[in-house]
Amino acid sequence: MEPVIRLEALTKFYGRQRGVVDLDLEVYPGEVFGYLGPNGAGKTTTIRLLLDLIRPTRGRAVVLGGDPRADGPRLRREVGYLAGDPALYRKMTGRQLLTYLGHLRGMPSLGPAEEVAARLELDLDRPIGDLSRGNRQKVAVVQALMHSPRLLVLDEPTAGLDPLMQREFYRLVAEAKAEGRTVFLSSHVLSEVERIADRVGIVREGRLVVVEGLEELKAKALRRLEIHFGGPVPREEFAALPGVQDVVVEDGLLICTAVGSIDRLVKAAARYEVTNLAVHEADLEELFLRYYEGAGDAA
Amino acid sequence: MLRSVFGAALWSRRRSLAWWVGGSFAYLLFLGSAFPTLRENAAEWERMMDNYPEALRAMFNMVEGSSFGTGPGFLHMELFSFVLPLLLIVFAVGFGARAIAGEEEEGTLDLVLSAPITRRRVLAEQFAAMVVATFLIGVVTCVAILIAGAGFDMGLVPGRVAAAVFAAVLIALVFGTLSLALGCITGRRGLAMGVTGAVALAAYLVFSLAEMVGWLGTIQKASPWYYYAASAPMLRGLEWAHVGVLVALVVAVAVAGGLVLERRDLAV
């Protein structure tokens with residue numbers, strides 16, 4: 001299967017400053033690919049390379065079978081792009097902006113755009129400058145989706161959307177996938193990608209350190225748990241559970257880190273009186289560190 | 001209007017364009033109203049100016065025919081020697097700096113270039129919009145001059161007025177294009193405007209001080225202003241060779257800007 005995106009040793013330096021280094025990646029048709037990494041890791045650099053807004057220092061990107069620079073207009077006709085913190089013409093209304101971008105894309109009818117806008121409950125008749133951050137984000141989402149592109153490139157797409165609208169957005173992405181479109185979306189939060197991605201790539205300090213199916217990644221995901229018990233509990237019992245680390249027990253409070261499934265941990269806790277249970281997702285940086293430690297132990 | 005980069009560029013400046021057009025109109029009627037008074041005292045003025053040293057006369061571009069006693073002479077000195085080209089330059093330079101660098105700094109250039117359109121095309125349409133908008137102000141200015149001329153009995157030849165306004169628009173476009181190109185090269189709007197402003201001022205000074213300062217005389221023809229002012233188009237009509245130089249400058253600078261824009265990274 002011809003990949004929709006292929007990166008071959010794609011490298012970008014800004015002067016001497018690192019952008020991304022030796023990225024090798026293939027993203028296949030109909031796939032939702034989550035591009036995960038902390039801020040400053042090189043996610044936006046990668047995306048801007050795909051759109052030909054910046055040019056690689058070496059290596060190359062192949063998008064929809066073409067070169068982003070040489071075949072730019074042809075490719076971008078079939079690409080929907082949502083920038084991170086997107087800049088829009090503040091004096092235009094949503095409708096005016098979409099009309100303008102629609103014409104640049106050779107689609108004079110606003111029908112499809114209006115449909116997406118309605119689903120996101122977006123008022124298209126107000127000047128964009130008067131809209132809240134969330135509503136501006138919706139305008140940006142609509143312009144990325146309105147021409148039913150074969151490839152969607154979305155940089156931190158749900159930033160600023162409230163949870164309800166995030167859910168609607170995930171539905172839109174799921175529909176795009178069901179129609180065979182490919183989605184490449186970046187995020188710095190695992191839980192966001194977790195909900196919709198088939199595969200995940202993790203980028204750290206400009207390098208792609210892991211590309212994995214979501215299930216495998218989840219199996220390694222770290223969570224920090226706090227369990228409040230009605231009385232004292234024996235630390236050893238929990239420390240002995242597989243995949244449970246850093247167990248600390250103080251009075252009735254147990255804090256630990258769990259790798260992958262928390263099934264056994266919850267079942268073990270259930271034998272005591274549980275008054276409260278809090279699960280915190282480990283942040284990405286921690287996930288990376290653990291991931292490497294884990295790999296080191298196995299070797 | 002919102003069907004192309006060209007249309008959107010004009011659309012987004014529709015209010016400012018209206019102000020420029022209205023303002024130039026009002027200014028010219030006001031200027032025209034001063035003409036009858038000046039004409040009455042023209043003889044006195046001319047005696048005074050005849051006593052000016054040659055260098056000083058050159059500084060104010062007082063070529064043969066410069067006189068407050070005639071409409072064309074009055075407009076040549078009061079309007080075309082400095083004020084009108086300056087106004088048009090300010091407009092065109094602002095337009096040019098915003099066209100690429102301004103949009104890049106705002107981030108909206110990313111949005112436009114994520115559509116199926118080449119950078120060259122975006123630049124070409126922005127350039128065309130700048131040319132059309134500057135000419136629009138020129139045309140309105142021209143009409144206002146002719147109205148003022150008829151109202152205050154200036155004895156103007158419409159062809160000469162059109163020629164002089166055309167030359168002023170051209171010199172404005174030289175600097176407008178420079179500002180556009182510097183924006184293409186650096187992506188920085190403030191820098192594009194600042195550097196262009198300095199270059200325009202230098203061009204004017206080189207031309208007007210050339211008679212007084214020896215070494216400036218030798219480089220006078222390197223100043224674009226020379227190709228605007230030396231032929232005094234209000235009094236003598238267009239010098240086509242000079243028009244050619246200005247047009248060539250516009251084209252060369254625009255192409256240079258385009259070549260860099262094609263190759264460089266856009267700022268986030």
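Here is a short chat about a pocket, a helix pair and a sheet in this predicted model.

Q: Hi! What is the volume of the largest pocket?
A: Its volume comes to about 520 Å³.

Q: And which residues are the closest to its centre?
A: Of the 25 lining residues, those are Tyr89(A), Arg90(A), Lys91(A), Ser12(B) and Arg98(B).

Q: Nice. Which element gives the most to the lining?
A: That's H6(B), with 5 residues. Other elements of chain B that give two or more include helix H1 (5-11) and helix H2 (14-40).

Q: How does the lining split by class?
A: There are 11 nonpolar, 5 polar and 9 charged residues.

Q: Back to H2(B) and H6(B): at what angle do they pack?
A: The angle is about 175°, and their axes are 12 Å apart. Angles over 145 degrees count as roughly antiparallel, so that is how H2(B) and H6(B) run relative to each other.

Q: Which residues meet there?
A: From H2(B), Leu17(B), Trp20(B) and Tyr27(B) meet Val83(B), Leu87(B), Val90(B) and Phe91(B) of H6(B). By class, this contact has 7 nonpolar residues, with no polar and no charged ones.

Q: Switching to chain A, what order do the strands of the open sheet take?
A: The 6 strands run E5-E6-E7-E3-E8-E9, with mixed pairing. At the edges sit E5 (79-82) and E9 (207-213), each pairing on one side only.

Q: In what sense do E8 and E9 of chain A pair?
A: Antiparallel, over 6 bridges. Arg204(A), for one, has Arg207(A) in E9(A) as its bridge partner.

Q: Which strands does helix H5 of chain A touch?
A: H5 (133-145) packs on the sheet against E5 and E6 (151-155), and its direction makes about 170° with that of E5(A).

Technical notes
Residues numbered from 1 in each chain as written. Chains lettered and ligands numbered in written order. Predicted model: local features only at pLDDT ≥ 70, side-chain atom pairs only at ≥ 80, totals over all residues. Heavy atoms only, no water. 1 Å grid on protein atoms, 1.4 Å probe; cavity = no way out; pocket = protein on both sides within 12 Å on 5 of 7 lines; lining within 4 Å. Points joined across faces, edges and corners; volume = space filled by probe spheres on them. Helix = DSSP H or I, 4+ residues; strand = E, 2+ residues; numbered from the N terminus. Nonpolar A, V, L, I, M, F, W, Y, C, P; charged D, E, K, R; others polar. Axes fitted to C-alpha atoms, helices over the stretch in contact; angles between N-to-C directions. Parallel < 35°, antiparallel > 145°, perpendicular 65-115°, else oblique. Contact = heavy atoms within 4.5 Å. Pairing = 2+ DSSP bridges.
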